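Here is a short briefing to read alongside the coordinates.

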Amino acid sequence: MSNIEGDLLEWYSVRVGALGKRKADLKFILDVVRLFRPSVIRSFRPGYNPSFAMYRNHLTTAWRNLQRNKGFSTINVAGLTLGLVCAMLIGLWVNDEEQMNQFHLDVDRLFVVTSVEYSGDEVNGGYDTPGLLGEELPNVFPEVEYAANYGWTQHHTFAVGEKKLRIPGNFAGKDFFKIFSHPVIVGNRLNLLNTPESIVISRKMAISFFGSPEEALDKTLKFEVYKDLKITGVFEDITSHSSEQFEYIINWQLMVERNSWMKDWGNSGPTTFLKLREGADWTYVDEKMRAFLKSYSEDYSELDRLELGLQPYGDMYLHSNFKNGKISGGRIEYVNLFRLVAIFVLVLACVNFMNLSTARSMKRAKEIGVRKSVGALRTTLIVQFMMEALMFTLIAVVLALLLLNIVLPSFNLLTEKSIQSPMREPTFWLYVAIVTSLTALVSGLYPAVVISSFRPAVVLKKATSSLRSSSVVVRKSLVVFQFALSMIFVVGMIVISQQVEYLYTKNVGYMKDNLVYLPITGTVGSRFDTYKQLLKQQPGILEVTKMSHRPMGIGNSTGSVEWEGKDPHTRPTFTQVEVGMDFIKTTKAEILLGRDFIESKSDSSNFIINETAMKVMGYTDPIGMPLKLWDIEGKVVGVVKDFHFNSLHVAIAPLIIRVGKGTMWGWTLVRVDPGQLPEALKAMENMQTTFSPETPFTHQFADEEYGALYKSEQLVRQLSRYFAGLAIFISCLGLLGSVIFSAEQRTKELSIRKVLGASAVQIVSLLSNDFLKLVVLASLISFPIGYFAVEQWLGLFKYRIDISIWVFLYTGVASMVIALATVFFHALRAAIANPVDALRAE
Amino acid sequence: MKKYQVGEFEEIVMLTICILQSQAYGVSIQKEIEMRLQREASMGALHSALIRLEEKGFLKSKGGESSEGREGRPRRYYEVTALGRKALDYIRKNREQLWSAIPNVAVKAKFTSF
């Protein structure tokens, strides 16, 4: 630079001699102006190589700063750590959800058959398919390599000699293990289920019956006391990454034998899985399957039909909700929700860092001034502060990893997962690296830019307080942003909690408390009347009936219903269930018209319908009206008030309740006296040993069963509580940092105010008011957004709460109280400090 | 592919520095150019060219003594580096090759039309 100056001056002196002073002056000015070129003013490439020593100095400075401001550093690192742990946990959970079912070989060739039921104006999608579909598909479609039906995982009793166990498992078509690659330890995968009497069991089941998987091969198990099954193989215990869980698979033929309705192509229920041949185009098969059932079912018509289709099996776990016959979301919605939450919580923590670093930067203005004076470029300063942010983030990451290992077991417990500590997974470290650098970048960039922009002359000369009012505005907006986000979380948490509470406490239409189910086993089915008589005489037993399904999961539907005055062109779908006598009395469902099924009347072919069914049939007083279900012709004897027999996500379907004749299976429903529950349970167990000595005694409570329906909602409620708490906590850390800073900045002002007679109360309110305004502004921003978000979520439920204004009032007031409490103590400290201390320090 | 990227003015600056040998600094270069080529070279243009050439590695510079009229500001002397010489040779060779490739008639026609 100085050599250019020299050149200019030399020219000038030459020109003064040659042209005179005025012209030389003008030329000088012209030359100077023409020198204003970026490349001449300063080279943009660093003209020197920053040495290692400089970076080391950056680290030293950063470390000293961290130590000098212990409070700030703790707040910073704590916020970041919490945010990171939260992000990691959610990341692991999301990853685990996405891993579901992905372990099968050729998972891209595995499909599940979907079925969309059109009946009149109604369209219902699901996975219910005809029971013979699995065997038929490979014969019809050359593209299908294997197909297998798959039933419902249920408990069944198995016996070897004296040993009897009730174990959950399933039935599946013979090619099940050719479709899915659950590891087989013993036996040949290619002919595991080839005979009707074959069963394949898990390692656990093999060990509990025979001691080892090898011992179990070719042995015989007695199924439900009447049928010998031969073990043709043993598979490794099913991993938690499989959505299908079972301890054994029995050949499908036995299922069809036990449920003759499955032979009819007009009925559906089981799931069907299939594997396509290599290179087959699934969309083509999907298209061809639509009208597949046309030639199989006599009832098939344009108005009432079951349209089959395909869904990639890998997608099924996360995308299993149907809307108007199309797959629309499912668990993926929660996965995405949590993904968003993780990002937000991390952003909150980053915002803390930004806020505190920018605030604190005022104290470091002198350092910047000196650094710039001795020649630091702005880029070097930015690098310095980014490094500082990186250092903080790294400390937080290390702490977060430690914390992660500590909380992972309880997180697993909460989410019912078995996520392993991911420390040995290279991909995990890749993610950690990405998140670390992103966090450092997001949290460090703004402070770095602000701090490095200080002009050395100004910061070295003047007091620091007059600096940069724009950064104050930014910091205030950051606090508003944090609180707005936290309040959205809190509103979400409250509404989710209320909805879940509603789900649990809603009157489902019958009394689910003190209702016990027992599976019908042994001779209970055939001698049910005697069993019932004896059981009712026991202490604590109030009423007894039976039911083919559990009241919470009736899913057996049919279109074959005829009544007087029915429009012959329509075939509305009815759900149907078989029950015993005294059904209404036992379940305490409310009867609207007519009566319960009673022993003394010959009710064997009579029906009770629910309110919705009555409306569908168009009756106002259906008592005594004839009704035909399949070939059962009878009369309607009662109308029951609608009760929920499915989850509250879906509307109550029309229901026909009929008397079960000689059912060998299903459930005994027992209403017990809560005061005598132990006696009642003992009595039930004793009865079990009399009537069905082969089977171990198991029972379920209706309310517990009901709770299981809302597992994912329960999970969302639990997690949302933690995350909302965390968000508020992190935001308060930020607020605390801000108030500490602001009190420090204004020490002199406050002291002078006190000297002039301001009371402690006035000082506290002066400091708090600023922040309260921010919280109020945050609530104004967050409430509409929160309302909209929560409405979206509630839309998933057919039966839901309304959002009350109190949710928002409560959130607003609570946030304000929390913010006040955070601010208060520090404000108080500033208010009761002796003004002399602050003023003397001049 | 261009082997060396040298602009027209940059080439002139480098050649001038070669002429001036050890006496090449801002003012002398500028004077030399103006004298020999009868064209004005502004200081701005010259200095940005010098900086650019130094960044490219074609020039190196060292600080020197001050002299009359500079009020104590040092001169900065420029010298063409080996790479710079190579670049100049390369440009020259390219030019000559092109000239020699022009058919005689065309050259004559061009010159006669003057």
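Two strands count as paired if DSSP finds at least two bridges between them. With that in hand, β8 (residues 220–223) of chain A pairs with β9(A): four bridges join these antiparallel strands. Please keep in mind that this is a predicted model.

**The β8–β9 hairpin**
- β8(A) and β9(A) make a hairpin, with three residues separating the two strands.
- Glu224(A), in the turn, has a positive phi of about 45°.
- Across this pair, Leu221(A) is opposite Leu229(A) of β9(A).

**Other partners of β9 in chain A**
- Strand β7 (residues 198–202) of chain A runs parallel to β9(A), and five bridges link them.
- Within β9(A), Val234(A) is the bridge partner of Ile201(A).
- Strand β6 (residues 184–186) of chain A is antiparallel to β9 (residues 227–235) of chain A, with two bridges between them.
- Val234(A) turns up here too, as the bridge partner of Val186(A).

**Where chain A meets chain B**
- The contact draws 20 residues from chain A and 18 residues from chain B.
- On the side of chain A that touches chain B, α1 (2–19), α2 (21–34) and α3 (38–41) of chain A each contribute at least two residues.
- The biggest share of that side comes from α1(A), which gives 12 residues.
- Sorted by class, the side of chain A that touches chain B holds seven nonpolar, six polar and seven charged residues.

Key. Residues are numbered from 1 along each chain as its sequence is written. Chains are lettered from A and ligands numbered from 1 in the order in which they are written. This is a predicted model: local features need pLDDT of at least 70, side-chain atom pairs count only at pLDDT 80 or more; totals for chains, interfaces and linings use all residues. Two residues are in contact if their C-beta atoms, placed from the backbone, lie within 7 Å. Ala, Val, Leu, Ile, Met, Phe, Trp, Tyr, Cys and Pro count as nonpolar, Asp, Glu, Lys and Arg as charged, and the others, Gly among them, as polar.
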